[in-house]
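Biologist: I'd like to go through this model with you. Could you set out your terms as we go?

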Amino acid sequence: MNFKPGLEGVPVTHSSICDIDGLNGKLTYRGYPIEELAAHSTFLETTYLLIWGELPSPQKLRDFEAEVQMHRRVSFRVRDMMKCFPATGHPMDALQSSAASLGLFYSRRAIDNPQYVYDAVVRLIAKIPTMVAAFQLIRKGQDPIQPRDDLAYSANFLYMLTEREQDPLAARIFDRCLILHAEHSLNASTFSARVTASTLTDPYAVIASAVGTLAGPLHGGANEDVIAMLEEIGVPGRASEYLDQAIDKKRKVMGFGHREYRVKDPRASILQELAEELFARFGKDEMYDVATAFEKEAQDRLGPKGIFPNVDFYSGLVYRKLGIPRDLFTPVFAISRVAGWLAHWREQLGANRIFRPSQIYTGEKVREWLPLEDRDAMENV
Ligand code: CMC
């Protein structure tokens, strides 16, 4: 049997959602280059494109935006449930639980009914940001803020999270970040979403399982660790020494490396530009110089192995400037990636076969069962 650890290079589905050219650093959603979407589109328009395959007409976009706006609120029952979560718990765990809880409220499982599918998409896109913001206020001992209908999607999320209306430039930059993180083919969380979808369970379970997968430090969780690493380095002059030690001790550098890219992740380049745009307007984050010094040092030492900054390397610096706490970086990633997960959910249902891979068994052959009283001799084994 041809075993590939981590399924490297093994296709597990046909997909028309997103294409990565890892040698040339190109990424497209439904054929549209990420650079164009990030420059001209909005997150909700990109979400529509990803999920339904085409850019919406002006009327369809207005309808979709209006539906999402109408469903932003979450039930007081969900909020009350979140109040029982420990304030010290990680917001990704809170998000996973609250996303799963939506299945209790909308549990028809009518996944072959187009209206149910549309409603589920709208609810998840609308409510995930509200739940992320709600947990942030709840854990500070405050009541969550209700969404504001006069604010667009990203501006409203920042308002619910930071309790103040943000500058339009900040909201636009945040919206562009969401576009950049919305989809990335068969990464671990999307694969997880497709596996869950293939059992024909409800979409809330699909998203909850993907959120749990995104949380790990080798995946979405890396964006938090990048800031910790930059702070540990402290000043640009220490970047080289830190990198030497990491290479010496075979420690992974967070925010670097990607299974698909052999060059700098195109999303990292755009995020770096967004960081610079934010700093020009609102003042520089001193860790930015550490980050650029580190990237320069890494070019000679990790570059020859095809290891370059990935999407997580500069995103944290942008989020930090927007006033987003560090442990919310990955939930923010989830707010965006829910678009890609839902696109894959629909695509999976369109040509479904349950995922059930095989294994190469390495355990014992059939053994004789020993009664408990005869197992004393095993103590010393
Ligand atoms: N720092 C140092 N060395 C690395 C790194 C890194 N970040 N990434 C890969 N390598 C080396 C690794 O040590 C190995 O070297 P060798 O062949 O000498 O043993 C080689 O490159 C291949 O590494 P791998 O772990 O087998 O590669 P992978 O394709 O299985 O893993 C990855 C991809 C993203 C998990 C990995 O690059 C990594 O752990 N990066 C750090 C965590 C991170 O930034 N994750 C975010 C990924 S992008 C966004 C997302 O998915 O959420």
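Modeller: I'll start with contact, or touching: it means heavy atoms within 4.5 Å. This is a predicted model, where local features need pLDDT of at least 70, side-chain atom pairs count only at pLDDT 80 or more, and totals for chains, interfaces and linings use all residues. Residues are numbered from 1 along each chain as its sequence is written, and side-chain values use heavy atoms, with hydrogens and water left out.

Biologist: OK. What does R148 touch?

Modeller: R72, N156, Y159 and E165 are in contact with R148, not counting residues up to four places away in sequence. R148 itself sits in the loop between α6 and α7 (153-162). Helices (H or I, at least four residues) and strands (E, at least two) are DSSP runs, numbered from the N terminus.

Biologist: And how far is R148 from R73 in space?

Modeller: The C-alpha to C-alpha distance between R148 and R73 is 9.7 Å, while they are 75 residues apart in sequence.

Biologist: Why is R148 called partly exposed?

Modeller: Because its relative accessible area is 24%. Buried means under 20% relative accessible area, exposed over 50%, and partly exposed in between, with a 1.4 Å probe and protein chains only.

Biologist: Switching to salt bridges. How many are there in the structure?

Modeller: The structure has 21. A salt bridge is a side-chain nitrogen of Lys or Arg within 4 Å of a carboxyl oxygen of Asp or Glu.

Biologist: What does R139 pair with?

Modeller: R139 pairs with D327, and their closest N and O atoms are 2.7 Å apart. R139 is in helix α6 (residues 114-139) and D327 is in the loop between α15 and α16 (329-350), so the bridge ties together parts 188 residues apart in sequence. D327 is partly exposed, at 22% relative accessible area.

Biologist: What about E277?

Modeller: E277 forms a salt bridge with R176, at 3.5 Å from N to O. That pair also links distant parts of the chain, with E277 in helix α13 and R176 in helix α8 (residues 168-181), 101 residues apart.

Biologist: Are E277 and R176 buried or partly exposed?

Modeller: E277 is partly exposed, with 32% relative accessible area. R176 counts as buried, at 15%.

Biologist: Which residue does K264 bridge to?

Modeller: The partner of K264 is E295, at 2.9 Å from N to O. K264 is in the loop between α12 and α13 and E295 is in helix α14, so this bridge joins parts 31 residues apart in sequence. There is also a network: salt bridges with shared partners join E231, D285, R320 and R326.

Biologist: Why does E295 count as buried?

Modeller: Because its relative accessible area is 14%.

Biologist: Which residues does L243 contact?

Modeller: Leaving aside neighbours within four places in sequence, L243 is in contact with V253, F294, E297, A298, R301 and L302. L243 belongs to helix α12 and is buried, at 0% relative accessible area.

Biologist: And T330, where is that?

Modeller: T330 is in helix α16, and its relative accessible area is 0%, so it is buried.

Biologist: Last one. Which residues make the nonpolar patch on the surface?

Modeller: M1, F3 and I360, with about 410 Å² of accessible area together. Areas come from the Shrake-Rupley method with a 1.4 Å probe; for residues, only the protein chains shown count as cover. Patch residues have over 30% relative accessible area and no salt bridge; like charges are joined within 9 Å, nonpolar side chains (Val, Leu, Ile, Met, Phe, Trp, Tyr) within 5 Å. F3 lies in the segment before β1 (18-21) and counts as exposed, at 59% relative accessibility.
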